[in-house]
Amino acid sequence: MSEGTDRPRVAILPEHTKVSSGTEVQEKLILAARVFSDLLKPTFGPRGLDKMLYKTDGTTAVTNDGAKIVAELLVRHPAAKMMVSMAESQEEQCGDGVTTTMLICGSLLIEANNLLRKGIHPLTLVEGYSLSLEAARAQADADSVEPDAQKISAVSETALRGKGAESALNHFSTIIVEALETVLQHNGEPRAENVCMFKLGTGSLRDSKLVKGFTFRRRVQLDDLPNNLKDARIACLDGDLKIRELTRDVELKISNSDHLDSFIDAESERKDEICQSIIDSGALAILCSGEIDRDILHHLSDKGILAIGDLDSSEIRNAADSIGARIVESTMDIEPDDLGRCGLISWERRQESDSVEDIIRIEGCLSPTVVTIEIGGAGEAGTEEVIRGLHDSLRATSLAMQESVLPGAGAIHARMAQAVRDSSDAQGGRERLAMEAYARALETIPATLAENGGGDPLDRVLELRASARDGSEPIGISPEGKAWAVDGVWHPASVIANSLESATETAIGMLRIDQVISSRGD
Ligand SMILES: Nc1ncnc2c1ncn2[C@@H]1O[C@H](COP(=O)(O)OP(=O)(O)OP(=O)(O)O)[C@@H](O)[C@H]1O
Ligand SMILES: [Mg+2]
């Protein structure tokens, strides 16, 4: 049999599968990256604008936070998905710098595309980008300084800038630093997770304050439960405050009224025992995760003990950590040692608001490992954005308390770009072109800051390049888009290093792809 054209083709993939190779692959990936960075560019920096996100379920969010924007987008392009997971990892590890990471990764890919078109092999780019990362990292290490108190509060202001809290920036940075210092003092580590947020729903941002304790919302079930208990010892119970219910249906045959009475008496005796064990422990208040029996509630109220139920497990844990209590499983187990202590426990009912829940505040704790920031302000969307900013700021400040810091405002990126250029001089091969491209990609940061501030990106980048070559003090971009000796804009070193590493790794990962096999056919 001759080998003719009529030999049947071997079909490995379904018919509608589309296989793209060569430059088409890179263009596809790079286009997705460009769409993403174009989307985030206007939100970047102190003069960044916000995005309004409107979801299919009708909820809206107004935000400037890179992580929030990325999380809300229904991304389906595989390359865009790689960028989404990069953004998520930056958010998870550092809490801040998501937009920076996306912009650098986008620029690395756009620069790569230009070189690929000139016929440079993707692996040469990978090699050049890896060398550049080393050089940039070394410059960041050399420029990092140990922070003093002023720099730590500058870190917290920098991370919060552009997130709707401009009117109370230094008010919040004082609160954040104090919150983390309190947690550090009693927990040994300035953990941002140990700082809770509570939306007051009234007043202005300047009414926000730090509570050395825990604030939450729950309905206080009786109006005459005690309030404003000073120097109170508090018990925390994980369970119901009632007598145990029978798990099986039981039919009781009562032949005379004495039987009924003794049955009721036995029940109320057991309730009394529960109350007595709480009273004996010396607690002035009890918080529990389950229901509270009405009789027990009345009894405790008569004895001047405040009881609040239906807390969820994280609330019980946070309350216990702030007052230093041990959570018990049953009231019968309560020992005086299990109780925590606070300066004041109070509840506030706001008649004017239609909320059915009261604000319960446990404050003045002596050694809280959990503290709460109460955030003033009435608008829901605005407060949510401030909370996102506070989260970024708490994470960044916590890192700054544990490591060194780097100047922001594009200064460190301009200096890293210069370091990459300097080390590219030593390269004789084509990697040098990739390193020059990497340096240009780093300059996207000052260029975007200049553009959003209303300055000319090209002129400013050239100015920064000249000053970075002189190796003098860090020059960055002012909020107005001018070249500026950076003052009061600092980032933790790991936010910068992590962002650069993730952006480079993601770009390299995409450059290594040589074929896209799409079973969707696109
Ligand atoms: N006062 C300032 N003047 C100049 N630049 C500033 C100032 N404050 C912050 N910046 C710069 O703005 C950039 C941060 O902008 P932004 O917070 O929008 O993005 P991000 O931190 O990368 O991402 P995200 O906060 O969305 O996770 C940093 O480069 C920072 O140095
Ligand atoms: Mg930020």
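## Reading strands, cores and salt bridges

Author: Let's begin with one pair of residues: Ile234 has Gly340 in β11 as its bridge partner. Keep in mind as we go that this is a predicted model.

Reader: Happy to start there. Which strands does that pairing belong to, and in which sense do they run?

Author: Strand β7 (residues 229–237) and strand β11 (residues 340–348) run antiparallel, and five bridges join them.

Reader: Which strand pairs with β12, and over how many bridges?

Author: Strand β12 (residues 358–363) pairs with β11 in the antiparallel sense, over five bridges. For a place to look, find Ser346, which stands opposite Arg361 in β12.

Reader: Let me step back. How is the chain divided into domains?

Author: There is a domain 1, made of 18–145 + 406–518, and a domain 2, covering 213–367. Their centres, taken over C-alpha atoms, are separated by 54 Å.

Reader: Now the inside. What should I look for when I hear "nonpolar core"?

Author: Look for buried residues such as Leu, Ile, Met or Phe that are joined through side-chain atoms within 4.5 Å. In this structure the largest nonpolar core has 62 residues, and Met102 and Tyr129 have the most contacts inside it. Helix α4 (residues 98–117) gives the most to this core, namely 10 residues.

Reader: Which residues is Met102 in contact with, leaving aside its neighbours within four places in sequence?

Author: Met102 is in contact with Phe36, Ser37, Leu40, Val70, Met83, Met86 and Ala87. There is also a second, separate core of 46 residues, and among its members are Cys236, Ile286, Leu300 and Ile345.

Reader: Is Lys271 buried or exposed?

Author: The cut-off for buried is under 20% relative accessible area. Lys271 has 12% relative accessibility, so Lys271 counts as buried. Asp295, at 47%, counts as partly exposed.

Reader: What about a salt bridge within one helix? Where do Arg432 and Glu436 lie?

Author: Arg432 and Glu436 are both in helix α13 (residues 431–442), and because they are four residues apart, about one helical turn separates them. Their side chains meet in a salt bridge, 3.3 Å from N to O. Arg432 is partly exposed, with a relative accessible area of 29%, and Glu436 is partly exposed too, with 24%.

Reader: Which residues are joined into one network by salt bridges that share partners?

Author: Glu134, Arg137 and Glu501 are joined in this way.

Reader: How accessible are Arg137 and Glu134?

Author: Arg137 is partly exposed, with a relative accessible area of 28%, and Glu134 counts as partly exposed at 45% relative accessibility.

Conventions: Residues are numbered from 1 along each chain as its sequence is written. Chains are lettered from A and ligands numbered from 1 in the order in which they are written. This is a predicted model: local features need pLDDT of at least 70, side-chain atom pairs count only at pLDDT 80 or more; totals for chains, interfaces and linings use all residues. Side-chain values use heavy atoms; hydrogens and water are left out. Buried means under 20% relative accessible area, exposed over 50%, partly exposed in between (1.4 Å probe, protein chains only). Helices (H or I, at least four residues) and strands (E, at least two) are DSSP runs, numbered from the N terminus. Contact means heavy atoms within 4.5 Å. Domain bounds come from an automatic or database domain assignment. A salt bridge is a side-chain nitrogen of Lys or Arg within 4 Å of a carboxyl oxygen of Asp or Glu. Two strands pair if DSSP finds at least two bridges between them.
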